[in-house]
Amino acid sequence: MGRPAPFFISADIEKPQNDMTLDIDQIGKGFLDELRTIDSLPALAVFRIKYYGRQKGVLTLLMKELQNKSPENRRDLGKRLNDLKIEMESAIAEKERQLAARELDQRLASEQVDVTLPGNRGPLGHSHPLTQVRYEIEDIFHSIGYSIEDGPEIETTYYNFEALNIPEHHPARDTQDTFYVSDSLLLRTHTSPVQIRTMEKHCPPLRIICPGRVYRHDNPDATHSPVFHQVEGLAVDEGITFGDFKGTLEYFLKAFFSERTKVRFRPSYFAFTEPSAEVDISCFVCFGKGCRICKMTGWIEVLGAGMVNPAVFGYVHYDPEKYTGFAFGIGIERFAMVKYSINNIQYFYDNDLRFLEQF
Ligand code: DAH
């Protein structure tokens with residue numbers, strides 16, 4: 001850092017001996033001494049006013065005093081005073097440069113950022129457990145050649161019921177507690193209508209799954225929710241047998257739950273499949289011995305399925321003599337609850353991070 005500009009009172013000027021000359025000399029010295037003690041910009045601002053202040057500044061007062069001197073003295077003193085003023089100004093300016101540079105250095109030092117420090121990682125979110133389970137199901141079926149189809153959540157009674165072989169007044173309509181939008185429109189009660197929509201669009205062979213939201217007029221409790229999720233599955237081709245149906249579902253259930261899982265098919269009824277089955281897996285807690293989870297049966301029911309009813313093929317103009325197929329309906333919540341031993345479906349919808357962060 002540079003030294004203050006040299007400050008001097010010209011000694012070579014012929015000095016008429018009078019009070020003011022003394023003043024000028026002393027003021028010059030005092031100014032320098034005081035300037036050395038100033039160590040901040042605000043203090044320098046105050047200091048500047050002390051000397052240059054319009055009313056009571058030391059130099060201002062000296063200038064005023066000059067008016068009372070004889071013309072001869074006035075010229076000489078005026079020149080000395082002016083020199084002094086110029087020298088003081090440059091000394092203040094130099095001091096100001098020094099102080100500003102020092103303050104900048106200090107600020108840079110105190111605000112220094114260490115770019116090598118590790119950053120703060122924000123918490124990372126992840127997909128919802130129901131989404132994770134849906135992806136797992138999709139991955140397994142994708143790996144054996146199934147593609148994914150989509151369909152509307154507001155459906156017609158035709159696709160949700162009629163084309164699935166559930167005519168008006170059929171008791172199966174009552175078991176599906178339906179939210180109606182109008183006489184012929186409803187919130188789909190299952191993903192099965194996508195079977196019909198897909199078969200209308202494509203000729204066999206078909207292998208599809210359809211994940212999606214479904215709605216039922218149920219009061220929320222530990223096992224019911226008015227909105228939940230299913231994955232519908234459908235395979236249609238020439239020569240598909242009950243063996244293909246069993247083999248495919250067994251393969252899927254072992255892949256999803258575990259290799260050790262045993263699978264059992266129980267006769268059941270769905271209007272759109274014939275024969276129909278309810279599919280159970282062996283209890284993964286007691287391995288079939290009987291426990292609280294499987295209600296002492298050794299088995300846990302996981303899905304409904306069956307061979308596509310030829311009557312359904314009639315609605316989509318597939319030749320039932322030529323084609324056969326199977327279909328299944330998976331409850332995503334049900335699968336997640338069984339896989340992770342979750343005893344209340346409401347946990348999925350509460351958005352409590354203590355629950356969600358476990359997945
Ligand atoms: N749609 C049925 C339900 O929601 C589930 C189901 C059963 C789907 C059998 C199917 C099936 O495709 O074959 O209760």
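Figure 1. Rings of Phe, Tyr and Trp (its six-membered ring) are paired if their centres lie within 6.5 Å; planes under 30 degrees apart count as stacked, over 60 as edge-to-face and the rest as tilted. By this rule there are 25 aromatic pairs. The structure is a predicted model, in which local features need pLDDT of at least 70 and side-chain atom pairs count only at pLDDT 80 or more, while totals for chains, interfaces and linings use all residues. Residues are numbered from 1 along each chain as its sequence is written, and side-chain values use heavy atoms, with hydrogens and water left out. A charge sits over a ring if NZ of Lys or CZ of Arg is within 6 Å of the ring centre and within 35 degrees of the ring normal.

**Figure 2. The pair of Phe31 and Phe47.** The two rings form a tilted aromatic pair, 5.2 Å from centre to centre and with 35° between the planes. Because Phe31 belongs to helix H1 (residues 19–37) and Phe47 to helix H2 (residues 41–52), the pair ties together parts that are 16 residues apart in sequence. Helices (H or I, at least four residues) and strands (E, at least two) are DSSP runs, numbered from the N terminus. Both Phe31 and Phe47 are buried; buried means under 20% relative accessible area, exposed over 50%, and partly exposed in between (1.4 Å probe, protein chains only).

Figure 3. Tyr158 is partly exposed, at 26% relative accessibility, whereas Tyr159 is buried, at 13%. The charged end of Arg197 sits over the ring of Tyr159, 4.0 Å from its centre.

**Figure 4. Helix H5 against helix H11.** Helix H5 (residues 129–143) packs on helix H11 (residues 332–340) at an angle of about 100°, and the axes are 9 Å apart. H5 is therefore roughly perpendicular to H11; angles under 35 degrees count as roughly parallel, over 145 as roughly antiparallel, 65 to 115 as roughly perpendicular and the rest as oblique. Axes are lines fitted to C-alpha atoms, for helices over the stretch in contact, and angles run from 0 to 180 degrees between N-to-C directions. Leu130, Val133, Arg134, Glu136 and Ile137 of H5 meet Ile332, Glu333, Phe335, Ala336, Lys339 and Tyr340 of H11. Contact means heavy atoms within 4.5 Å. The residues of this contact divide into 7 nonpolar, no polar and 4 charged. Ala, Val, Leu, Ile, Met, Phe, Trp, Tyr, Cys and Pro count as nonpolar, Asp, Glu, Lys and Arg as charged, and the others, Gly among them, as polar.

**Figure 5. Helix H2 against helix H4.** H2 and helix H4 (residues 71–110) pack at an angle of about 170°, with their axes 10 Å apart. This angle makes H2 roughly antiparallel to H4. The contact includes Phe47 and Tyr51 of H2 and Met88, Ile92 and Leu99 of H4. Its residues divide into 10 nonpolar, no polar and 6 charged. Asp39, in the loop between H1 and H2, is partly exposed, with a relative accessible area of 49%.

**Figure 6. The buried residues of helix H8.** In helix H8 (residues 193–201), the buried residues are Pro193, Val194, Gln195, Ile196, Thr198 and Met199. The elements that cover them include strand S2 (154–156), helix H6 (157–160), strand S4 (206–215) and strand S9 (323–331).

**Figure 7. Backbone features.** Most residues other than glycine have a negative phi, and most peptide bonds are trans. The peptide bond from Pro204 to Pro205 is cis, with omega near 0°; Pro205 lies in the loop between H8 and S4. The bond from Glu274 to Pro275 is also cis, with omega near -5°, and Pro275 is in strand S7 (residues 273–282). His317, in the loop between H10 and S9, has a positive phi near 60° and is exposed, with a relative accessible area of 72%.
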